[in-house]
Amino acid sequence: EDVYYEEKKLLKDIITVCESHDIKETGKVTGSLPKEDFKTIISEFFEDKPRKAVESLFQALEEDEPGPMVKYKNLFADDRDLRQSTFAEMLRFQHLNARKKYLSELERILKENAQEDHVSIGDMRRAILNIDPAKDEDELRDMIARATKVPYQELFTNQEFKKDGVTMFPVKLFMKNLKEGTGVVRSVKRERNRVKSTIVMMETKSQ
């Protein structure tokens, strides 16, 4: 369920960028964009995706919108059977794969540095930054708090996880909490910045 809302937010962010470009070009939200403009938006929004993954999205787009225009709102709308477009399903598939890959790599690093299947706060920080070096301090602390279900500052004094005077948390429980939560691949701040960045890029290119 948490992943479902995470995906919903991703789709909403894409629509936000599309609407912004739509308004700039037509003065209102028409719900449609030239296909090339839409493809540029997707390329800019997912600039960190492998090119092959972006091309897969474009192939899916052709199945849904073979013409020169893209009805972008329709791409993310459920039909009577609660199914979405091929494009939206491909996007969801890629999102889940990216999430699984992120968690798998994080778990591998934590286990490599664990002592009797437990890791310290420093181990947690180093593992996360190893695979996500752009994470800022607030995001890092928030992720650790969600993974331990203990406010970050309280981890240093929480007696439940003390071992020889050092906070040591079970890797298995750390990963279980993360897998059940949201915001694993990219944080809310980064999503917001990505939306703003894509809008600025599109506005600059249309001038």
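Predicted model: local features only at pLDDT ≥ 70, side-chain atom pairs only at ≥ 80, totals over all residues.

Me: Why are helix 3 and helix 5 called roughly antiparallel?

Reply: The axes of helix 3 (51-64) and helix 5 (86-113) come within 7 Å and cross at roughly 155°. Angles over 145 degrees count as roughly antiparallel, and the two helices are therefore given that description. Helix 3 passes helix 5 in a right-handed crossing. On the side of helix 3 the residues that meet helix 5 are Ala 53, Ser 56, Leu 57, Ala 60, Leu 61, Glu 63 and Asp 64, and on the side of helix 5 they are Thr 86, Phe 87, Met 90, Leu 91 and Gln 94. Sorted by class, this contact has seven nonpolar, three polar and two charged residues.

Me: What makes helix 2 roughly antiparallel to helix 3?

Reply: Here the axes come within 11 Å and cross at roughly 150°; the cut-off is again over 145 degrees, so helix 2 is roughly antiparallel to helix 3. The crossing of helix 2 and helix 3 is right-handed. Helix 2 contributes Lys 35, Phe 38, Lys 39, Ile 42 and Ser 43 to the contact, while helix 3 contributes Arg 51, Val 54, Leu 57, Phe 58, Leu 61 and Glu 62. By class, there are six nonpolar, one polar and four charged residues in this contact.

Me: Which residues touch the most other members of the largest nonpolar core?

Reply: The largest nonpolar core has 24 residues, of which Ile 14, Phe 38, Ile 42, Phe 46, Phe 76, Phe 87 and Leu 91 touch the most other members. The elements giving two or more residues to this core are helix 1 (2-26), helix 2 (35-45), helix 3, helix 4 (72-75) and helix 5, and helix 1 gives the most, with six residues. Leaving aside residues up to four places away in sequence, Phe 38 touches Cys 18, Leu 61, Val 70, Tyr 72, Leu 75 and Phe 87. A second, separate core of 23 residues includes Tyr 102, Met 124, Ile 128 and Val 150.

Me: Why is Ala 127 called buried?

Reply: Ala 127, which lies in helix 6 (residues 121-131), has a relative accessible area of 2%, and since buried means under 20%, the residue is buried. Not counting residues up to four places away in sequence, Ala 127 touches Leu 106, Ile 109 and Leu 110.

Me: And what makes Pro 66 count as exposed?

Reply: The place of Pro 66 is in the loop between helix 3 and strand 2 (69-70). Its relative accessibility is 65%, and because exposed means over 50%, Pro 66 counts as exposed. Pro 66 and Lys 35 are 31 residues apart in sequence, and their C-alpha atoms are 9.2 Å apart in space.

Me: How do you know that Asp 117 and Lys 149 are exposed?

Reply: Asp 117, in the loop between helix 5 and strand 3 (118-120), has 59% relative accessibility, and because the cut-off is over 50%, Asp 117 counts as exposed. Lys 149, in the loop between helix 7 (137-148) and helix 8 (152-155), has 60% relative accessibility and so also counts as exposed. Asp 117 has a positive phi of about 65° although it is not a glycine, and Lys 149 has a positive phi near 60°, again in a residue other than glycine.

Note on methods
Residues numbered from 1 in each chain as written. Heavy atoms only, no water. Core = buried A, V, L, I, M, F, W, Y, C linked by side-chain atoms within 4.5 Å. Buried < 20%, exposed > 50% of the residue type's maximum accessible area, 1.4 Å probe, protein only. Helix = DSSP H or I, 4+ residues; strand = E, 2+ residues; numbered from the N terminus. Contact = heavy atoms within 4.5 Å. Axes fitted to C-alpha atoms, helices over the stretch in contact; angles between N-to-C directions. Parallel < 35°, antiparallel > 145°, perpendicular 65-115°, else oblique. Left-handed = near helix turned anticlockwise from the far one by under 90°. Nonpolar A, V, L, I, M, F, W, Y, C, P; charged D, E, K, R; others polar.
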